[in-house]
Amino acid sequence: MGRVAERSATRVSFTRYLVARHTETDRWCVSLSESSPFSADEVPLTRGVALRYSPIFCAYLAPDQPAPAFPSTPTSIAFFFSRRPHNALGRIRPLLTEKERELTYFTQGLASILCLNCKLQRAKDLSMSMGNVPLEYWPLTSGELDPRRAVVEVPPVGEVPPVPSLAMTGADQEVLIYVEQIKACMATLWHSYKTHNPEELVTLARLTMLTTEILKEYRDLSQRKPADVDCSLATVKGKNALSAALVELAGSLSYAVTQGASGSSPILLNPSPFPHFSLLGIGGEVRALNKFTRYLEKAFSVRDAAKVIFRVYSDKEIPITPNISGYRSGKDYKLDLASEKLREFDRGGELPEDDEVPLVAYFSLRYGFKESKFSLTAASETLTDEVSPQWTLMTLSHEIMHNRVREIFQALFGTDWDNDRDPISLQNYDAFKIWYERGSAAPACDLAQGLRNAVLNFCVAMDRLEAKPIKSERGSATELGIPYGKLNGIYGRNRPRATELFVHFHDYYFTYASQPRLYAMSLWGSWIKVAAPYARPTDYLVRTLATLASGTGLEPSPAFEHARDILDTALGALERSGVSSPLFDEIRSLLNAEEVRPYFYASYYLIDQVSRYFSSPTIRSGIDGIDGDPFAAGLTLTDEYSANVFVYGEDDEEERASPIRYCLASLVKVLRAETPIKDRLWLTAWNALVISSQEVQ
Amino acid sequence: MIGIKTLLGIIRTEAVEFGGQLEVPDRMDGAIESYHSAKRNARHGYEGTERKPTENRAPIRHTLELIRAEDGTLKWVE
């Protein structure tokens, strides 16, 4: 019974494993197999030989056709280091014989395409057809490779500037080790990126500029003569923050080196630290992360949020109500995407970002999906199961929005190196006090201050929400007073909730094109693998409801009903597609819990302000989302769709799929249980192949 | 995505809020579910940082309250 099941599984698999075992004669025994060397109970590594392997994937599939036969002992392997492998496969397809197509594979590494059993000259011709890409060729004798006979041909790289200089001279002794590490990473990445990721050279240049500025601040602080103990402490804290930033930079760049540069030619000299991708690495997957990230970064770069807040919102008077209990929303808060014109965020002339630092993207099992100031991680599970709602690359968009919102909060509440103050400045405290206490009688304040006030007001509401027990009579003025120090604490404790509302709105509006059911399905399909929603389901429920209600302009109670209906429908759709969790039942029961509505009303108040003042058709027009995708509209003629697994890359500009549109379409297929094949690893690698091949700069 | 000047300001703000602690804490050991819980909660508030009162301002008379109404439901009043 077990054997039958195994054979059946093999028939639907289009994944193979390329395995290289080191021999005692300093050669490598190379073979192909249907399963990973570690899939069997008895692990062959116990024999003590060095072993490297990577999954490889049949490149040319046809509907309803089984996987082609493969030679377990190939006579040669040609590795092609194409930066746009999806397009390269499209280009060479008409040039290949049927047999050659069966022996062509793609990978998740920098050596993105490989052909088995072809002659060296044929490999050179194919390399030229792909656009003169780097080539490594292994002639094999009875499955054995003598590494000295491997052929490596790397076309000359065009004019590339030298590695940007980062002066160590004058750097404080305490941070020299980090500077050296950053410099070493930069040099390694610069060398690799020249050939494999030239679009990323600008990232390294910007990171060098940033590091230089951090070192300058550190030096300035080191030379400061503090007047008293408080100043001394502030100086040390400042230096700690700067050295922590250098640690974070060095750490991110180390990951970029080990993940993005391994697997380059000569392959056997550049193994990947990922044991299950040790032969070819995951350079192609990292390139996909970068393409996805750069695509959204580019869209947002047309409007610098800090500039809008400082230059436009600080000079504009639009009142925001302080009255959460009587909040009504209304037509000013309604978003009409179909006939969207410029909104507040778009006004004030062109305000592009001008020295933005792109995020360093890599995979992490430990951090999962996470954003920090300089970096972005995707869960390592995305390398093997991106096609599940839990590990879809789409989760990355949420993390990228965190970076955008980080900038917004810095502009609203942050300090700088010329000031030394609490997060809520005295000026902001006074403004909030007058705004709240005097209500409509308060003197007009600018919109930037109004947004600050709305965030603080929400934080106070969250603080009051947690007051227990809940009384049936009003508290005294003394009980309800908020001194300066307490407001700082209230803000500090509740800012994460406010931040999440900002982030969710950005992700929903910009990335998901305000498609409520899809967004809710994506969120909850992902969250069933995250522990926090199980621990704090109400938080996650309310942020979902508030996001789904944003932009409706409905009064709070109907807005709640509206969002609840959408969420209920989305959870049902997830369950019908096989994604279920006890968490869903918990969420449904919480919808009737008494504390959920007041929590929602306060959240709705804040997210309405975010929606009104941070929505931007200008930015949205740079994101080719699923709203313009024929597949989302119900198209089933998959041959007409560029992201079809049976359709190969084109060089035609109009045929390119945006990473967002592509990922969302893939997610929709999964949620509808309409994936064209059942091999999840193959689909995962294919999605990365397509995304990594897009031109987004 | 964030400009250099703003990034430097963010580092400065973190010095004030967190005293320069690393953003990603090293207390994430545990089972895989715990990893994913911790990483998404890494952006915690900064109430744990000891702070000195810096100014004796009059308190804000903030009257927002959650109370139990006569019909038994919870309501915001102010």
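K124(A) has a relative accessibility of 26% and counts as partly exposed, where buried stands for under 20% relative accessible area, exposed for over 50% and partly exposed for what lies in between (1.4 Å probe, protein chains only). E153(A) is likewise partly exposed, its relative accessible area being 32%. In this predicted model, local features need pLDDT of at least 70 and side-chain atom pairs count only at pLDDT 80 or more, whereas totals for chains, interfaces and linings use all residues. Residues are numbered from 1 along each chain as its sequence is written, chains are lettered from A and ligands numbered from 1 in the order in which they are written, and side-chain values use heavy atoms, with hydrogens and water left out.

The side chains of K124(A) and E153(A) form a salt bridge whose closest N and O atoms are 3.1 Å apart; the term denotes a side-chain nitrogen of Lys or Arg within 4 Å of a carboxyl oxygen of Asp or Glu. Because E153(A) lies in strand 9 (residues 151–153) of chain A and K124(A) in helix 4 (residues 120–129) of chain A, the pair ties together parts that are 29 residues apart in sequence. Helices (H or I, at least four residues) and strands (E, at least two) are DSSP runs, numbered from the N terminus. Over all chains, the structure holds 41 salt bridges.

Between chain B and chain A the count is seven salt bridges, and the table gives some of them.

| Residue in chain B | Residue in chain A | N to O distance |
|---|---|---|
| E14(B) | K373(A) | 2.9 Å |
| E14(B) | R406(A) | 3.5 Å |
| E65(B) | R474(A) | 2.6 Å |

E14(B) is buried, with a relative accessible area of 14%, and it belongs to helix 1 (residues 4–18) of chain B, from which one pair crosses to K373(A) in the loop between strand 12 (370–371) and strand 13 (375–379) of chain A. K373(A) is itself buried, at a relative accessible area of 4%. The other pair of E14(B) crosses from helix 1 of chain B to R406(A) in helix 11 (residues 395–413) of chain A, and R406(A) is buried with a relative accessible area of 15%. A network of salt bridges links these residues with others, its members being E248(A), E371(A), K373(A), R406(A) and E14(B).

Turning to the interface as a whole, 61 residues of chain B are in contact with 102 residues of chain A, contact being heavy atoms within 4.5 Å. The area buried between chain B and chain A is about 7,500 Å², and carbon and sulfur atoms give 58% of it; buried area is the accessible area (1.4 Å probe) that two parts lose on being put together, summed over both. Within chain B, the residues that lose the most area to chain A are M1(B), I60(B) and W76(B), together 13% of what that side buries.
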